[in-house]
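Me: I have a model open and would like to learn how to read its features. Could you walk me through a few?

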Amino acid sequence: MPDSCDRLSLDVEMNPYPAAGIEVRLIQRFVPLGRRRVLEIGCGDGRLTMQLARLAASVVAIDPDREALGEAQAAAKRQGIRNVQFFYGAGETVRRVGAPFDVAVFSWSL
Amino acid sequence: MVHALHAVGGVLRAKGAAVSITPERFDARIAVVSGSRRLPAGKLVNPSFDRYLLAAEAALDRVVRDGSFALEGRRRHRYHIRLRGPGELPEYIDLLGTPRPRLSAGTWPRLRTLWRSSPLASRIEITDGLVITALRRTAS
């Protein structure tokens, strides 16, 4: 059985992920994100990155998909988010830029 | 993922946290909903993807066993996605990426039958799940 369940949210936009805010809320049950230095591995198009960036002091987001990274950068610019740096790469080749981090999030990356 | 967790351990502050968000190893349920009525139609299955999830779970367990991290906690969460109708299902499945899930046997015909007899404002509801695992970097 799950520990929790969303209330239903009507179709705003087709998206296979939980509604905005759910993952961040669940993360913060274990780890506070406020004013922390966060590393996100597998940021993809930046969907979760922007939510992390609104709470964290800074976010370093990496992904092995250049096209998705481009979308993430564009989204950050569009939303006026300035505390995120994006890098090409995977978890195994994690950069030292921005280290040491308080929190590392493996974002739906296996 | 073990290598990635060890690499991350090297750039975390002492007592820093690593948090993994993965899909839950749970077959997504599909139902037709109208008002408070919910009619189960079947599920989305993805046996190939389950192998990756098992490997990720094993990697998380391994870095706890080898003393690199301590388990802070684990939490499962279910969430719902609503589609306007069966016609949106292929697009939804595409969004899930590869390996592509498929509808379990009998789901599609049952879904079509339920949908045809459902009221106008009905929706297709998919119930999926995620697992959050929080690890704390140890001193070692």
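Reply: Gladly! Two strands pair if DSSP finds at least two bridges between them. Helices (H or I, at least four residues) and strands (E, at least two) are DSSP runs, numbered from the N terminus. This is a predicted model, where local features need pLDDT of at least 70, side-chain atom pairs count only at pLDDT 80 or more, and totals for chains, interfaces and linings use all residues. Residues are numbered from 1 along each chain as its sequence is written, while chains are lettered from A and ligands numbered from 1 in the order in which they are written.

Me: Which residue stands opposite A:Tyr88 in β4(A)?

Reply: That is A:Asp63. Strands β3 (residues 58–63) and β4 (residues 84–88) of chain A run parallel, joined by five bridges.

Me: Through which helix does the chain cross from β3(A) to β4(A)?

Reply: A crossover is right-handed if, with the strands pointing away from the viewer, the path from the first strand over the helix to the second runs clockwise. Here the chain passes through helix α3 (residues 66–78) of chain A, and this β-α-β crossover is right-handed.

Me: Does burial have a cut-off, and is A:Arg35 buried or exposed?

Reply: With C-beta atoms placed from the backbone, a residue is buried if 20 or more other C-beta atoms lie within 10 Å of its own, exposed if 12 or fewer, and partly exposed in between. A:Arg35 counts as exposed because it has 10 C-beta neighbours inside 10 Å. Its phi is near 60°, a positive value in a residue other than glycine.

Me: Where is B:Pro99 found?

Reply: Look in the loop between α3 (89–95) and β5 (102–103) of chain B. A cis peptide bond joins B:Thr98 and B:Pro99, with omega about -10°.
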